[in-house]
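Please examine the model shown below together with its sequence.

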Amino acid sequence: MKYRIITVFCLFLMISSCDAVLDETPDNRTTIDSPEKIAELLVGAYPEAAYASFLEPMTDNAGDKGPSAEEVRVNQEMFFWNDINDTDDDTPTNYWNDTYAAIAQANQALASINDLGGGSEYNALKGEALLCRAYSHFMLVSIFSKAYDPATANTDLGITYITEPETVLLGNYERGNVANVYENIRKDIEEGIALIEDTYGVPAYHFTKSAAHAFASRFYLNTGEWQKVIDHSTQALGGNDLSVLRNWAGQYRPRTYSEQTTQYISSSAVQEPANLLLVSASSPFNRYHFSARYQLTNGKRDELFPFRNETGKQSAYQVFGSNDLFYNVPKFTEYFKVTNQAASTGEAYVTFVLLSTDEVILNRAEAHAMIGQLDKATEDVNKSYAVKTMEYDPATDAFSVSDIQTIFEPENPNIYAPFYAIPAESLSFINAVLELKRTIFYNEGLRWFDIKRHHIEVEHLDIFGNSFVLPKGDLRRAIQIPEAAQSFGIEENPR
């Protein structure tokens with residue numbers, strides 16, 4: 001059973017009308033009177049909405065398939081970095097709504113724990129609630145604000161950080177700034193991670209210790225705290241590294257399309273140990289992720305998934321589809337939940353991977369490179385290639401430090417412009433890591449966060465060769481705050 005706390009502040013329930021919200025019981029905390037009920041409450045403390053659908057077409061992973069492809073509004077608008085205010089599934093507004101709903105769940109859990117007197121029996125639940133709250137706010141600030149920069153974070157617009165259950169109509173909410181949002185996220189992570197216990201029936205849908213450390217690894221990557229990235233990444237990996245990475249060469253390539261998609265989203269640590277945190281989101285993404293116009297074209301396929309990778313051997317990745325109207329990498333499948341048997345209507349759900357060991361090991365590689373530990377960065381890069389290259393032989397195929405500095409040297413040394421300086425000797429390592437992530441997490445939206453973090457310029461070409469550029473510093477990198485939120489006084493992003 002999943003509890004959905006009804007908040008009387010209509011800002012975060014924009015899909016419903018204010019009247020509809022006010023018809024509901026505004027506060028049902030009195031019914032939450034046991035650890036079991038708090039645990040049920042936390043099931044809904046994870047955003048059950050897709051972000052890959054609107055972030056991926058904004059990246060340099062997307063090309064124009066032409067007018068024969070399927071026209072999907074959110075896919076088209078985001079390819080051109082336009083503001084879009086639709087409230088359908090797979091839109092920024094829907095993600096905003098559902099993420100704040102998840103925050104409300106986390107806050108209600110924390111309030112109920114406090115009302116019940118707390119104590120050791122609630123510690124793990126409190127830890128999960130704090131991490132859920134931190135994760136949701138982190139995703140919101142990463143999408144709807146500028147990238148973190150300590151030099152400007154005190155003046156850059158943040159997002160509203162909610163720490164209490166909603167109990168008043170139209171409360172006074174301000175966006176604050178990126179600095180205070182990050183301070184609150186940090187506080188929740190540090191407090192929550194110390195309380196987490198691995199006691200879940202299906203761990204992949206909760207913040208386990210490994211998932212918590214993976215999230216911390218991503219957070220500190222954005223703040224440039226390299227040793228913390230290394231420490232949390234190592235704890236997330238559990239000292240196993242190769243055995244917990246997604247093995248495309250040994251386990252995916254020999255299998256059928258259906259078998260690959262099933263394994264990719266598996267919640268079983270035995271079947272797919274790479275998956276640290278999953279979510280089942282209401283989304284039609286599986287119906288168009290391959291056919292939408294601004295997705296994987298012939299050119300992008302060759303760029304992202306060449307037959308041979310940098311080792312000189314065959315890449316383990318397999319692009320399915322007879323042409324670019326259907327090209328895709330097997331990662332998604334749909335579960336259709338019937339809500340009206342007679343009318344044969346219902347809702348489509350897609351499982352998305354939110355955190356994985358594949359990301360964590362490359363976070364660590366980037367951090368090693370940034371503090372000059374090039375040998376260790378090389379080891380992590382090699383581990384990633386080992387499970388993504390056919391017939392990989394570490395004796396002959398592993399890169400050396402000099403190999404990476406030569407093979408992955410970017411054509412443009414100014415391609416990356418984060419708030420911190422990248423040492424010259426480390427630039428090729430950063431390029432190697434970001435290009436690996438670009439391929440590994442294709443169609444999952446993570447590329448957009450690296451583009452924002454490193455201020456990478458993005459160029460899109462339409463079918464006629466017209467160029468559309470998102471330069472460094474472009475204000476459209478912060479997706480616009482939903483119109484309904486603006487109508488309740490939330491300051492819009494400048495344009």
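Predicted model: local features only at pLDDT ≥ 70, side-chain atom pairs only at ≥ 80, totals over all residues.

Residues are numbered from 1 along each chain as its sequence is written, and side-chain values use heavy atoms, with hydrogens and water left out.

Two packed helices are described by the angle between their axes and the distance between the axes. Helix H14 (residues 374-386) packs against helix H17 (residues 427-440) at an angle of about 20 degrees, and their axes lie 11 Å apart. H14 is therefore roughly parallel to H17, a term that applies to angles under 35 degrees. Axes here are lines fitted to C-alpha atoms, for helices over the stretch in contact, with angles from 0 to 180 degrees between N-to-C directions. Helices are DSSP runs (H or I) of at least four residues and strands (E) of at least two, numbered from the N terminus.

The residues of H14 that meet H17 are Leu-374, Ala-377, Thr-378, Val-381, Ser-384 and Tyr-385, and their counterparts in H17 are Phe-429, Val-433, Leu-436 and Ile-440; contact means heavy atoms within 4.5 Å. By class, this contact of H14 with H17 comprises eight nonpolar, two polar and no charged residues.

Side chains of opposite charge can pair when their charged atoms come close. A salt bridge is counted when a side-chain nitrogen of Lys or Arg lies within 4 Å of a carboxyl oxygen of Asp or Glu, and this rule gives 32 salt bridges.

One of them joins Arg-364 and Asp-241, at 3.0 Å from N to O. The pair links distant parts of the chain, 123 residues apart: Arg-364 is in helix H13 (residues 357-370), and Asp-241 is in the loop between helix H9 (226-237) and helix H10 (248-252). Both Arg-364 and Asp-241 are buried, where buried means under 20% relative accessible area, exposed over 50%, and partly exposed in between (1.4 Å probe, protein chains only).

Asp-397 forms a salt bridge with Lys-313, their closest N and O atoms being 2.9 Å apart. Asp-397 counts as buried because its relative accessibility is 9%, whereas Lys-313, at 25%, is partly exposed. Finally, salt bridges that share partners join Asp-60, Lys-300, Glu-303, Glu-435, Arg-438 and Arg-447 into one network.

Technical notes:
Parallel < 35°, antiparallel > 145°, perpendicular 65-115°, else oblique. Nonpolar A, V, L, I, M, F, W, Y, C, P; charged D, E, K, R; others polar.
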